[in-house]
Amino acid sequence: MPRPASLKRTSLPRSKEVLLLVDVINPLNFPTARDLLPGAVAASHAIARLKARLARRGVAAIYANDNYGTWHSEFRDILAACSSLLGERGEIARLLAPTCQDLVILKPQHSAFHSTPLQHLLDRMGAEKLVIVGVAADMCVMLTATDARMLGYKVWVPQDCTAAESERRKGDALRQLHGVFKCSVHAAVRRRA
């Protein structure tokens, strides 16, 4: 039986380095989101610049996004809902919306590896290094990065491409990732002295 055109098989890109965007398409509608929003706005602009720079080098991008408990939806539903939000929350979604070349997976909680096909995708792509960006640095980004290290990937978590509810929480998470898990955490954009 022929495959319907809408189910056309697509090839996975080969990419030794992969940009993993964690929960960047996000309604930010939890009780402490107001504390996270300023950092998320700043991080989103840094992420957009880094993503463009990596894309020019042929680095593939995978969005690992929470499904926010909407088990009946697809990623495009989440993107549409977040993009339509007023103010900075909608601005972030519009700025970081995936391109047609980007891959997208939905995750049920925290780590992008938990109950998702991420490891399978990365294996098929030949990935060796992950650049992990997104929110929150002290929760989903951190848990994704620690899982990646335990699976043997080299990991870079650019500190200017993450956000948390406070600078202390973000700093604690990045120090833990660097000191214990040997992740690189240097900024994507080096500041001039």
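This is a predicted model: local features need pLDDT of at least 70, side-chain atom pairs count only at pLDDT 80 or more; totals for chains, interfaces and linings use all residues.
A residue counts as buried under 20% relative accessible area, as exposed over 50%, and as partly exposed in between. By that scale D172, at 35% relative accessibility, is partly exposed.

**Helices and their packing**

Helix α4, which spans residues 118-125, has L118, L121, L122 and M125 among its residues, and these four are buried. Viewed down the axis of α4, the buried residues fall within an arc of 95°, so they line one face of the helix. An α-helix has 3.6 residues a turn, so residues three or four places apart point the same way. The strands against which the buried residues of α4 pack are β1 (17-22), β2 (60-66), β3 (103-107) and β4 (129-135). Just after α4 comes G126, which takes a positive phi of about 75°.

Helix α5 covers residues 140-150, and its buried residues are C140, V141, M142, T144, A145, T146 and A148. The cover over these buried residues includes the strands β1, β3, β4, β5 (154-156) and β6 (162-163), together with helix α6 (167-179). A glycine with positive phi is found after this helix too: α5 is followed by G152, whose phi is near 95°.

On the α2 side the contact is made by L79, C82 and S83, and on the α3 side by R89, G90, A93 and R94.

**Salt bridges**

Over the whole structure, a search finds 11 salt bridges.

| Salt bridge | N to O distance |
|---|---|
| K51 and D102 | 2.7 Å |
| E165 and R169 | 3.3 Å |
| R168 and D172 | 3.1 Å |

The salt bridge between the side chains of K51 and D102 links distant parts of the chain, since K51 belongs to helix α1 (residues 33-56) while D102 lies in the loop between α3 (87-95) and β3, 51 residues apart. Both K51 and D102 are buried.

The two other pairs in the table involve residues with greater than buried accessibility under the scale given at the start. R168 is exposed, with a relative accessible area of 56%, whereas D172 is partly exposed at 35%.

Beyond these pairs, E17, R57 and K129 are linked in a network of salt bridges.

**Loops and backbone geometry**

The loop between β1 and α1 holds D23, and L28 lies in that loop as well. D23 is buried, with a relative accessible area of 4%. A polar atom of the D23 side chain lies 2.7 Å from the backbone nitrogen of D66. Leaving aside residues up to four places away in sequence, D23 touches A64, N65, D66, Y68, K107, V135 and C140. L28 is not a glycine, yet its phi is positive, about 45°, and at 7% relative accessibility L28 counts as buried.

V135, one of the residues that D23 touches, is joined to A136 by a cis peptide bond with an omega of about -10°. A136 is found in the loop between β4 and α5.

H110 lies in the loop between β3 and α4, and H110 likewise has a positive phi, about 40°, although it is not a glycine. With a relative accessible area of 34%, H110 is partly exposed. The residues that H110 touches, not counting those up to four places away in sequence, are M139, C140, L143 and T144. C140 and T144 are among the buried residues of α5. Between H110 and R169 there are 59 residues of separation in sequence and a C-alpha to C-alpha distance of 16 Å.

Terms used:
Residues are numbered from 1 along each chain as its sequence is written. Side-chain values use heavy atoms; hydrogens and water are left out. Buried means under 20% relative accessible area, exposed over 50%, partly exposed in between (1.4 Å probe, protein chains only). Helices (H or I, at least four residues) and strands (E, at least two) are DSSP runs, numbered from the N terminus. The arc is that of the directions from the helix axis to the C-beta atoms. Contact means heavy atoms within 4.5 Å. A salt bridge is a side-chain nitrogen of Lys or Arg within 4 Å of a carboxyl oxygen of Asp or Glu. A polar contact is a pair of N or O atoms within 3.5 Å; within protein, one must be able to donate a hydrogen and the other to accept it, and residues adjacent in sequence count only if both atoms are side-chain atoms.
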